[in-house]
Amino acid sequence: MTTALTVETPSTGVAPSRGPRGLVWAMLRVHRWALWFWALLVAVGAGALLFTYGPGTDAAWAEYRAMGCHLRDVGPDCDFSGPAISRLNLANTLGDPLLSFVPLLVAAWAGAALIGRELESGTAQLAWTQSVSPARWLAAKLAVAAVLLVSGTTVLTLLHRLAWSSTGRLRSITPWREWYEDDIFLANGTLATAYALLGLAVGVLAGLLQRRALPALGTAAVGLLVLMYTLSAWRPHLWPVETLTSKDGHPEGVGMPLGEGALTSTGARISDPVCLEDTKCLAEHDVVGYYRDHHPASHFWPLQLMETALVLAVAALAVLIAFRLLRRRTGAAV
Amino acid sequence: MTETAIEAAALSKGFGRRRRKPALDDCAFRLPAGRICALVGPNGAGKSTLLSLAAGLARPSEGTISVLGQAPAAVRERVAYVAQDKPLHPQLTVADTLRFGRELNPRRWDAAVAERIVAEGGLDPDAKVRTLSGGQRTRVALALALGKRPEVLLLDEPMADLDPLARHQLMAALMADAAEHGTTVVMSSHVVAELDGSCDHLLLLGAGRVRLAGPLDDLLAAHRLVTGRADASLEPHTVVESRTTGRQLTALVRPEGSLGDGWQVTAPTLEELVLAHLRTPEAPALRLDSAREAAV
């Protein structure tokens with residue numbers, strides 16, 4: 001019997017320190033710059049949204065009033081924007097698409113810096129040969145990043161909802177943004193957070209698949225864009241559509257437009273033959289009315305929650321595959 | 001019966017889908033605990049692959065490898081590994097790198113050992129790892145490995161980046177530490193001279209196969225360097241390598257009984273033993289490392 005197996009328990013001179021410990025500490029320390037960048041991004045986004053919520057909208061509204069645009073009959077100058085409206089537009093240009101851009105940013109970072117670079121340089125293996133299993137290493141990376149992403153995107157989403165509600169009176173006057181536009185829809189609900197988490201999951205999986213920073217970055221970005229495009233293309237089909245019909249002329253355009261056309265006497269839907277008032281043409285095509293499919297604004301939350309569930313399910317699947325892959329490569333994860 | 005530090009059976013590891021040439025091919029050996037083992041072989045012999053399998057970083061294609069009697073993945077806490085390119089987080093300082101070791105080895109970390117190794121190299125604890133030279137990185141990587149108080153220490157080309165002075169000093173520190181704690185050390189190198197004098201066990205790999213395995217003294221004792229007339233017969237001894245210069249023959253043999261007269265017999269050095277085996281890939285392998293003493 002040699003002394004090799006007499007396990008000592010040294011832990012000498014380890015002063016208990018404040019703050020995060022173990023893998024959480026390692027994660028925050030190694031990715032310190034990413035953390036700062038995320039804090040900065042959230043701060044800039046929050047600043048833009050707070051500006052829109054408060055002084056930006058007030059100043060723009062005052063400018064509208066001065067031009068007489070708040071009246072029912074919109075004045076001729078209302079198409080031109082003054083300095084206050086320009087400033088508000090600028091803030092919106094920053095605040096609205098920010099949350100749509102975050103998932104792509106997260107995927108690229110997670111693929112390249114969080115996983116790909118660590119596997120490429122061997123620092124992942126360095127962690128796995130400490131007292132840490134690959135599965136715990138991956139779990140810590142996902143958990144810390146997810147907590148920071150959820151808190152940041154939640155703050156931005158809440159602020160975006162505030163800003164959106166305050167610009168409501170401006171939207172009632174001029175054609176402004178609509179609730180169903182991609183970036184607005186994403187930023188006003190749970191989807192911003194869900195897509196950010198999808199970005200993390202896709203990035204991590206791409207990093208594990210490619211094992212090198214640059215290819216992982218490309219794979220993660222392309223993978224996420226394809227997924228985002230596919231999932232948001234499903235959006236209108238996640239809740240029953242409402243249909244408006246009218247006998248003469250197209251029904252009023254409200255809500256998320258999904259399709260319109262003409263109805264024949266049998267109730268069949270055909271594309272609008274564009275007869276206008278030509279009765280002969282209408283008779284020829286057997287047009288007796290018009291329809292319009294749409295999602296009214298009241299469908300916002302059902303659509304939002306259905307898509308969130310779908311996105312989170314895809315993200316969970318990506319995470320599951322990532323753990324399986326890691327486990328298969330490194331032997332039984334303990 | 002001593003405890004076993006590492007044992008491999010029918011161990012193979014291939015890379016890529018086709019696996020046309022596996023990095024390790026049907027390897028079997030046993031390393032008793034407390035040994036300082038030299039893992040020797042030419043470039044591409046499978047040394048790094050074997051060490052990463054033992055460290056639980058990859059899983060074998062076939063066969064098994066056990067460390068301290070368990071699967072490598074189950075004993076991460078008791079094994080330390082320093083990879084060939086000494087990966088460290090470049091953006092961390094030396095002090096933060098040691099804290100990394102402490103945070104990730106909460107039950108084992110010996111800060112005094114790690115700090116001493118770093119201090120002996122005159123490293124500034126606040127220096128970023130990316131500003132360090134190759135040799136200084138090696139020192140930090142070794143500090144991280146020793147601070148863990150491993151029972152098995154796996155070192156892949158540990159001394160390659162060090163100048164002779166630092167190599168000598170670090171090797172001495174390593175050996176003193178291993179002797180004090182009974183650590184099993186496996187050290188790979190393709191420079192045999194680097195390992196001579198500090199190792200008491202040898203594992204020679206060639207083209208993914210075990211060529212020699214066993215206690216160094218036993219392996220050296222099993223071989224003889226003989227010089228004699230070119231027309232003399234070496235039957236029935238196993239000839240590892242023979243070279244004829246004019247009328248004189250020099251050979252490394254595994255004697256089967258007495259060598260007889262007419263031969264000038266000397267004991268080979270580690271380097272002669274290794275080189276003779278590397279120059280003749282067709283020479284039979286020899287294992288003296290198990291109770292069964294199976295010649296593979």
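Is Asp96(B) buried or exposed? Asp96(B) is buried, at a relative accessible area of 17%, where buried means under 20%, exposed means over 50%, and partly exposed is what falls in between (1.4 Å probe, protein chains only).

Quick housekeeping before I go on. This is a predicted model, so local features need pLDDT of at least 70 and side-chain atom pairs count only at pLDDT 80 or more, while totals for chains, interfaces and linings use all residues. Residues are numbered from 1 along each chain as its sequence is written, chains are lettered from A and ligands numbered from 1 in the order in which they are written, and side-chain values use heavy atoms, with hydrogens and water left out.

OK, back to Asp96(B). Its side chain meets that of Arg29(A) in a salt bridge, 2.7 Å from N to O. By salt bridge I mean a side-chain nitrogen of Lys or Arg within 4 Å of a carboxyl oxygen of Asp or Glu. Asp96(B) sits in helix α2 of chain B (residues 94–104) and Arg29(A) in helix α1 of chain A (residues 22–30), so this pair joins two chains. Helices here are DSSP runs of H or I, at least four residues, and strands are runs of E, at least two, numbered from the N terminus. Arg29(A) is buried too, with a relative accessible area of 8%.

Over all chains, the structure holds 23 salt bridges. Let me pick out another, between Arg169(A) and Asp58(A), at 3.2 Å from N to O. Arg169(A) belongs to helix α6 of chain A (residues 168–171) and Asp58(A) to helix α2 of chain A, so the bridge ties together parts that are 111 residues apart in sequence. Both ends are partly exposed: Arg169(A) has a relative accessible area of 36%, and Asp58(A) has 44%.

In chain B, Asp289(B) and Arg287(B) pair up at 2.9 Å, N to O, and both of those residues are buried. There's also a network: salt bridges with shared partners join Arg21(A), Arg99(B), Arg102(B) and Glu103(B).

Which residues form the nonpolar patch on the surface? They're Phe37(A), Leu40(A), Val44(A), Leu94(A), Phe101(A) and Leu105(A), with about 550 Å² of accessible area together. The patch rule takes residues with over 30% relative accessible area and no salt bridge, joining like charges within 9 Å and nonpolar side chains (Val, Leu, Ile, Met, Phe, Trp, Tyr) within 5 Å. The areas come from Shrake-Rupley with a 1.4 Å probe, and for residues only the protein chains shown count as cover. Helices α2 (32–67) and α3 (83–121) of chain A each supply at least two of the patch residues. Phe101(A), from α3, is partly exposed at 46%.

Axes are lines fitted to C-alpha atoms, for helices over the stretch in contact, and angles run from 0 to 180 degrees between N-to-C directions.

Last stop, chain B. The axes of α3(B) and α4(B) come within 8 Å and cross at roughly 160 degrees, which means α3(B) is roughly antiparallel to α4(B). In the loop between these helices you'll find Asp124(B), partly exposed at 43%.

Notes:
Parallel < 35°, antiparallel > 145°, perpendicular 65-115°, else oblique.
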